[in-house]
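Visitor: I would like to learn how to read a structure like this one, feature by feature. Could you walk me through it?

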Amino acid sequence: MGVYLNSKSPYLLFRRDYAATYFVDKTEIIKELIPLVELEENRIEEFELSQGKGQKYVCITRPRRFGKTVMANMISSYFGKGADSSKIFQNLNVSKYDWFEDHLNQHNVIHIMFHEMPDQCKTYGQYISRIKTRLMSDLRKAYPNVEIEKEDAVWDALGNIVEYEDGERFIFVLDEWDFIYHQDFATDDDKKAFTKFLSNLLKDKAYVEMAYMTGILPIAKYSSGSELNMFFEFSMATREKYSQYFGFTDEEVDDLYQRYLKVEKDPKILREELKGWYNGYQSVSGKRLYNPRSVVGALSFNQLGSYWTSSGPYDEIYYYVKNNISDIKDDLALLMSGTPVAANVQEYASTSMELKTKDEIYSAMVVYGFLSYADGYVSIPNKELMDKFADMVRQRPTFGYMNRLAMESGKMLMATKTGDTKTMVEILERVHNTESPLIRYSDESELSKVITFVYLQAREFYDIKLEDRSGTGYVDYIFYPYKREDDGIIIELKVDDTADSAIQQIKDRQYALNFEGKLGEEPKCTGRILAVGIAYDRKDEKKRHACKVEVLREKV
């Protein structure tokens with residue numbers, strides 16, 4: 001046993017995760033990996049999987065804190081000889097398969113966490129030397145009868161072992177493979193050298209039984225094409241396979257929430273609130289996924305909050321958009337209003353310092369988890385990210401009218417809640433007149449766009465639905481508060497009609513019923529319910545609007 005070869009560390013780390021209150025069993029991924037190791041020909045057919053023998057190089061790329069390290073530790077704990085992990089795995093889903101014991105702790109695993117560095121590391125030479133030295137030390141200790149010369153490269157030593165130890169082979173589990181590419185001290189030549197190191201270590205080597213690698217950046221960014229082309233790469237935006245193992249599904253969050261209700265004496269979080277705050281990422285097939293760190297953080301601390309976005313630099317989003325604010329600010333207004341934006345998301349992402357075009361920016365933001373991508377469109381996935389975008393726009397005047405819209409939208413929400421229709425009209429008309437390049441309108445669909453902008457800040461406090469089924473019809477806008485005790489808001493729009501007519505429609509079609517929730521559910525709002533009518537007359541040359549606010553129900 002060594003530091004990298006058949007190490008105990010992955011098992012000890014996974015054992016800690018397994019013991020956690022909100023552990024989710026993702027061991028089904030092992031079923032996907034078993035056909036990639038060298039099984040007997042007559043066993044392959046039993047798995048009935050599309051991926052067969054020979055495709056033994058897997059690279060999973062996901063944003064940070066999406067469970068990549070937990071999965072790497074789990075995979076090493078199952079296959080590796082470093083520790084007896086049977087007591088844990090016999091209680092998990094993987095134990096139901098007939099091959100379960102055949103591979104449990106039966107393989108040599110080389111597990112390297114590439115984010116670990118020497119003390120006071122200042123050069124790539126120090127970084128890579130530590131990795132090579134430690135791995136060579138492990139190999140010498142584990143195979144004392146194999147001649148390993150001082151000048152041998154790591155791949156030379158491994159090649160000797162497979163020759164002299166009766167075909168001994170290794171599973172490689174490499175976590176955060178792209179770590180060095182994010183370090184300031186790493187030059188372009190250093191990055192090329194590291195890519196070459198991985199290629200020399202893994203490509204076309206008889207000693208590789210399987211290579212499982214994780215990171216944030218897709219391989220295509222740093223491999224010219226041939227060095228690491230043996231890997232099959234699986235990102236959230238481009239490939240469906242493995243998607244369910246990174247991020248929590250609705251069913252898994254349902255189970256976690258029931259666990260939460262049992263262990264928490266005074267639960268303060270509703271199931272629907274978890275959905276609004278943390279759901280919104282999508283796999284290629286459209287399957288919705290939750291941010292794991294955020295869900296676990298909220299349930300553990302019994303409080304909704306920004307648990308994922310707070311794990312990076314405060315101005316992280318601005319870091320990606322700052323090089324092209326002029327081209328991206330109109331799209332930001334749409335994204336923050338809940339409108340998806342068309343984008344050509346590439347299979348690779350430029351590093352943040354090189355971003356220039358909108359598509360490069362959006363590609364990077366999808367890779368790093370700040371936007372979700374589906375069917376040719378990017379969007380802001382959830383409230384946690386919406387808050388981060390809103391903070392960025394409010395604090396930076398360089399965003400021009402977006403900054404002004406953010407300021408005005410705060411006043412609009414307050415005016416609505418206080419019934420200050422005079423201020424509401426002033427804001428609507430000011431936005432109409434000053435932001436005409438973005439929001440020209442003459443019918444109800446265009447008036448709807450104005451509303452999305454003047455209530456921009458409301459998205460920090462509300463899950464806003466457009467054309468939502470409600471009562472006996474479809475309401476134009478309904479604002480579901482993230483905090484149930486806050487006011488619920490219903491907005492109906494009228495063109496060439498009156499605000500009074502809009503209010504009457506809200507009442508007649510019983511739109512407020514949506515705040516009651518389904519039978520047996522908690523109400524979605526215990527605060528006041530406000531009906532808001534907004535009207536615009538196209539024949540009026542002065543572009544005047546009319547607003548009316550009426551309280552349909554007082555606070556419960």
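**Reading the salt bridges and their surroundings**

Guide: Gladly. Let us start with charge pairs: by the rule used here, the count comes to 18 salt bridges. Keep in mind that this is a predicted model.

Visitor: What is the general idea behind such pairs?

Guide: Side chains of opposite charge can pair when their charged atoms come close. Here the cut-off is a side-chain nitrogen of Lys or Arg within 4 Å of a carboxyl oxygen of Asp or Glu. As for the supply of charges, the chain carries 74 positive and 89 negative side chains. The centres of these two sets lie 4 Å apart.

Visitor: Which residue forms a salt bridge with D17?

Guide: The partner is R16, with the closest N and O atoms 3.9 Å apart. D17 counts as buried because its relative accessibility is 18%, and the limit for buried is under 20%. R16 reaches 55% and therefore counts as exposed.

Visitor: Where in the chain do K96 and E28 lie?

Guide: These two form a salt bridge whose closest N and O atoms are 3.0 Å apart. K96 sits in the loop between helix 5 (86-89) and helix 6 (100-103), while E28 sits in the loop between helix 1 (9-19) and helix 2 (29-33), so the pair ties together parts that are 68 residues apart in sequence. K96 is exposed, at 59% relative accessible area, whereas E28 is buried, at 16%.

Visitor: How many residues apart are E32 and K241?

Guide: They are 209 residues apart, and the pair links distant parts of the chain. E32 belongs to helix 2, and K241 to the loop between strand 5 (232-235) and helix 10 (250-263). Their side chains meet in a salt bridge at 2.9 Å, N to O. E32 counts as buried at 11% relative accessibility, and K241 as partly exposed at 21%.

Visitor: Which residues are linked in a network of salt bridges?

Guide: D250, D254 and R271 are linked in this way.

Visitor: Let us turn to contacts. Which residues does N93 touch, not counting residues up to four places away in sequence?

Guide: A contact here needs heavy atoms within 4.5 Å. On that basis N93 touches D25, T27 and E28. N93 lies in the loop between helix 5 and helix 6 and is partly exposed, at 35% relative accessible area.

Visitor: Is I88 buried or exposed?

Guide: I88 is buried, because its relative accessible area is 6%, under the 20% limit. This residue has its place in helix 5. Setting aside residues up to four places away in sequence, I88 touches Y11, F14, R15 and Y18. The C-alpha atoms of I88 and Y11 are separated by 9.8 Å, although the two are 77 residues apart along the chain.

Visitor: Where is D486 found?

Guide: D486 is in the loop between strand 12 (473-481) and strand 13 (488-495). At 19% relative accessibility, D486 counts as buried. Leaving aside neighbours within four places in sequence, its contacts are K417, Y462, P481, C525, G527 and R528.

Visitor: Now for the whole chain: how many helices and strands does the secondary structure come to?

Guide: There are 20 helices and 15 strands. Buried residues make up 55% of the 556 residues. Among contacts between residues at least 6 apart in sequence, 70% join residues at least 24 apart.

Visitor: What box do the C-alpha atoms fill?

Guide: Along the principal axes, the box is roughly 90 × 50 × 45 Å. The accessible surface comes to about 24,800 Å², and 46% of this belongs to carbon and sulfur atoms.

How values were computed. Residues numbered from 1 in each chain as written. Predicted model: local features only at pLDDT ≥ 70, side-chain atom pairs only at ≥ 80, totals over all residues. Heavy atoms only, no water. Helix = DSSP H or I, 4+ residues; strand = E, 2+ residues; numbered from the N terminus. Buried < 20%, exposed > 50% of the residue type's maximum accessible area, 1.4 Å probe, protein only. Areas by Shrake-Rupley, 256 points an atom, 1.4 Å probe, with all protein chains shown as cover. Lys, Arg positive; Asp, Glu negative; His and termini not counted. Charge placed at Lys NZ, Arg CZ, Asp CG, Glu CD.
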